[in-house]
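The entries below are in the order I looked things up.

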Amino acid sequence: MRFILLLVSLFISVFGQADEGDLSSQTDYQTLLQQFHLTGLSVAVVDDFQLVYQHQAGEKVYGSGQLIGPDTAFSTASMSKPVTATLAFMLAEAGKLDMDAPVERYLKRWHLPASDFDTHRQLSIRQLLSHTGGTNQSGFADFYQGDDIPTLLESLNGIKLPRYKEPLHLTFAPGSDWNYSGGGYVLVQVALEDITGKSLAQLAEERLFVPLNMQHTTMVQPGDEGFLTDVAKVHDEQQQIIGSGLPICPQIAPSGMWSSAADLSRFLLDYQLALAGKPSKVISRNVARQATQIQTLKKMGGWSAGWMRFEASGNLDWFSHGGSNTGTGGTMMATMQDGKAIVILANGPNPARLPVINLLIEDIIARRDWRKPLPSSGQQPGPEVLQAVLGEFQPPYSETPLKIYQQDGRLYYQGTITPWSAKRSGELIYQGNGLFASDDQPNLLGVQRHAADGLTYLTIRRGMNGTPEPLMPKR
């Protein structure tokens, strides 16, 4: 709670005096960087299907005087994943692959090892992209020039990987659960390259970056021909450069892209135009719908084959993806309707970067007047509903329980509903039929007893008629 109050205090002191016609002044940004010891950042905002705001602050290298500009690219880490997924859907639309066919059909250079799960040969590209395939290798260590860098196939075989010693393999039956897997995206990369005979970097350049005028974006790695020159180097907690400052990610599909905030806004905007049925440049309405369609609510509360779908800042429906390599990362988020988007990139570690990103998102939504009021049914939950929902529930991702309690005739929660949520508390608004909504949460909450284990679970679902997904058991 003390940390949250600190953020609120900083939010007021940093942004309180800014011109209402702008998001933040240069002085405001510099104060924010100093408060959190963040080296630099870049912001782009889309509203009503137009890029309406850009701002940069800080340096490419701390203390160098080399200022971050509008074209400066950052290592975007896992924000690479939606680009990989988009390419897969584009190839599927062109008849080059079937998203639901076994990925094994398309692999020439590498094959999954035998598995205890008799369905392992049915593992599909759609499942790999939505992290429901059952593969391991969640994320990868960064490498720098001079390191013994694994090849793509060595990575799949668990060779030269500081975090893994085994080959990529299944940990559960495909489709039965959810587990974040960068290794699954590496397998997709091999499939796409085997299908087309082109590198993933070349495919992205030809099909996305060039036609979308993303001139400051690449999947080429540092040290290779074609890498960018205007880049922000990565920094640690003391604002010192890590290694050479230019992380090399041989696992390009899950984490190897470099890009600028403005370029990523162009990528998001083409999605939004396609979703709205407006003329887009390269992303068709079919690809946009397929790629953003929710595939699972398990654990995270919403994930598509390429995009996070659990974001609901301002009570808006977003498709988004964050990224976090060592000393760099950011987030990109776009609404499913009405053409609103935010991209924030920064060169600093998580403790410096994440609070700044969260503050900026709230500031942008407030200043653009995007927040929608949460609807209320006007009903009150009956005694049976109250008895079921009041109490403590145990999240599988935290030792701290989620507490739901009543105060002055209203319901509140304390804790985290989903593992990556920035919110730690809020009010629950009754929607009828035993379901509750809460600000900045995309799902409705309910309580249901499950016959399989006899436990009572807090459940989540999308919409009043959605299928409930068990979230956490009641203590």
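**Strand and pocket notes**

I began at the hairpin of E8 and E9, where five residues lie between the strands and Asp338 has a positive phi near 75 degrees. I note that the model is a predicted one.

E8 covers residues 328-335, runs antiparallel to E9 and is joined to E9 by six bridges. As an example of facing residues I wrote down Met332, which stands opposite Val343 in E9.

I then checked E9 for another partner. Strand E1, residues 40-47, also pairs with E9 in the antiparallel sense, over six bridges. Here I noted that Leu41 has Ala346 of E9 as its bridge partner.

Is E9 enclosed or open? I counted through residues 341-346: six of the six are buried, so E9 is largely enclosed by the rest of the structure. For this I took buried as under 20% relative accessible area. I also sorted the residues of E9 by face. Ala341, Val343 and Leu345 are buried on one side, and Ile342, Ile344 and Ala346 are buried on the other.

My last entry is on the second largest pocket, which holds about 490 Å³ of space. I listed 24 lining residues, and those nearest the pocket centre are Asn315, Leu316, Asp317, Gln441 and Pro442. Sorted by class, the lining has nine nonpolar, eight polar and seven charged residues.

Terms used. Residues numbered from 1 in each chain as written. Predicted model: local features only at pLDDT ≥ 70, side-chain atom pairs only at ≥ 80, totals over all residues. Heavy atoms only, no water. 1 Å grid on protein atoms, 1.4 Å probe; cavity = no way out; pocket = protein on both sides within 12 Å on 5 of 7 lines; lining within 4 Å. Points joined across faces, edges and corners; volume = space filled by probe spheres on them. Nonpolar A, V, L, I, M, F, W, Y, C, P; charged D, E, K, R; others polar. Buried < 20%, exposed > 50% of the residue type's maximum accessible area, 1.4 Å probe, protein only. Helix = DSSP H or I, 4+ residues; strand = E, 2+ residues; numbered from the N terminus. Pairing = 2+ DSSP bridges.
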